[in-house]
Amino acid sequence: MSASEISGASQPAPRAKPNAWRALAGIWRLTLRRYFAPVHWLALGGTAALLGLVCFGYLSGAKNPQLYLKWVISFYVTFLVPTMAFLSAGGAIRDELKSTTTDYVFTRPVRRPLFLIGRYLAHLVCAQVDFLCVLAVVVGAGIYREVPGLLAAVPLLLLAQVLLVVAFSALGFLGGVLTARYPIVGLIYGGVIEVGVGQIPTQISQLSMTHQINTMLLALTSPAAEASVLATTGLLLLFSVTLLGLAAVLFTQREFTGQQPA
């Protein structure tokens, strides 16, 4: 063997060049594989069935069916959707920080901010489909019981749900990057911002995302109210981008070994 052959054999193989599109495609494939797992659809079906029973139970006991729309806004849209979106997103990013994942993913030529954003977008699309199925159950129960005005309210309810899933998924990713105990982060945020600050009758209440949605949906239950759709959409998208940006910065700077909860 010649000296040049010996020198070539001792050199390491060239590293693969980063390719953003291939990285994003890989993230999508991994996300969809988990999404189409039977256990996911069993859980979704069980959740939808349980919520359907709750809706029919409320409609059976309600003296005035018109109150169903207010109940949908206060319970489903501004409580259940943000809570489930946050927990789902926090769990999704924490799954990527386990040792079996970090030892493989973080040794690939993929920039961390790109990985986080790609994982967020893939999770977001799947989450929107899940919540769309659940909303169909909520609306279907009201239509079956002939709740007046519900069908006309569906477009605005759908927009509110989409915005809340976008915003609280970003918050969930931030909480998941911060700590494995992200539900505690959600409780603190919900108690201080959504419940506390959101109830203050001043401009500071605009920091509450559910308050923004409530203001937008007020037109559905109060004819005199005006739906600030564009303003609410812009503010929640701005919050989402800000939260996701913070998560990307922390995700880039922190070291994850996948061994101990942070």
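Reader: What classes of residue make up the lining of the second largest pocket?

Author: This is a predicted model, and in it that lining has 10 nonpolar, 10 polar and one charged residues.

Reader: How much space lies in that second largest pocket?

Author: About 510 Å³. The pocket is lined by 21 residues, and the closest to its centre are Thr78, Phe79, Thr83, Gly190 and Glu194.

Reader: Which helices supply the lining there?

Author: At least two residues each come from α4, α7 (150-178), α8 (182-196) and α9 (209-221). The one that gives the most is α8, with seven residues.

Reader: OK, now the largest pocket. How much space is in there?

Author: About 780 Å³. Its lining counts 26 residues, and His40, Ala43, Met84, Ser88 and Asp130 are the closest to the centre.

Reader: And which helices supply that lining?

Author: You can trace α2 (20-35), α3 (38-61), α4 (67-95) and α6 (112-144) around the largest pocket, each with at least two lining residues.

Reader: How does the lining of the largest pocket split by class?

Author: There are 16 nonpolar, six polar and four charged residues in it.

Reader: Let's zoom out. How many helices and strands does the chain have?

Author: It has 10 helices and zero strands. Reading from the N terminus, the order of elements is α-α-α-α-α-α-α-α-α-α.

Reader: And how much of the chain counts as buried?

Author: The chain has 262 residues, and 40% of them count as buried.

Reader: Where is Leu178 found, then?

Author: In helix α7. Leu178 is partly exposed, with a relative accessible area of 39%.

Reader: Which residues touch the most other members in the largest nonpolar core?

Author: Tyr68 and Tyr76 do, out of the 61 residues in that core. The helices α3, α4, α6, α7, α8, α9 and α10 (229-253) each supply at least two residues of this core. The largest share is from α7, which brings 16 residues.

Reader: What does Tyr76 touch?

Author: Leaving out residues up to four places away in sequence, Tyr76 touches Leu51, Trp71, Val81, Pro82, Phe131, Val134, Leu135, Val138 and Gln161.

Reader: I also clicked on Thr233. Buried or exposed?

Author: Thr233 counts as buried, because its relative accessibility is 18% and the cut-off for buried is under 20%. Thr233 is found in helix α10. Apart from neighbours within four places in sequence, Thr233 is in contact with Leu159 and Leu163.

Reader: New topic: how many salt bridges are there in the whole structure?

Author: A search finds two. In one of them Glu96 pairs with Arg34, and the closest N and O atoms are 2.7 Å apart.

Reader: What does the pair of Glu96 and Arg34 tie together?

Author: Glu96 lies in the loop between α4 and α5 (99-105) and Arg34 in helix α2, so the pair ties together parts that are 62 residues apart in sequence.

Reader: Which residue meets Glu96 in the other salt bridge?

Author: Arg119, also at 2.7 Å from N to O. Arg119 lies in helix α6 and Glu96 in that loop between α4 and α5, so this pair ties together parts 23 residues apart in sequence.

Methods: Residues are numbered from 1 along each chain as its sequence is written. This is a predicted model: local features need pLDDT of at least 70, side-chain atom pairs count only at pLDDT 80 or more; totals for chains, interfaces and linings use all residues. Side-chain values use heavy atoms; hydrogens and water are left out. On a 1 Å grid over the protein atoms alone, a cavity is a set of points where a 1.4 Å probe fits but cannot get out, and a pocket is an open set with protein on both sides within 12 Å along at least five of seven lines; lining residues have an atom within 4 Å of a point. Grid points are joined across faces, edges and corners, and a volume is the space filled by probe spheres set on the points. Helices (H or I, at least four residues) and strands (E, at least two) are DSSP runs, numbered from the N terminus. Ala, Val, Leu, Ile, Met, Phe, Trp, Tyr, Cys and Pro count as nonpolar, Asp, Glu, Lys and Arg as charged, and the others, Gly among them, as polar. A nonpolar core is a set of buried Ala, Val, Leu, Ile, Met, Phe, Trp, Tyr and Cys residues joined through side-chain atoms within 4.5 Å. Buried means under 20% relative accessible area, exposed over 50%, partly exposed in between (1.4 Å probe, protein chains only). Contact means heavy atoms within 4.5 Å. A salt bridge is a side-chain nitrogen of Lys or Arg within 4 Å of a carboxyl oxygen of Asp or Glu.
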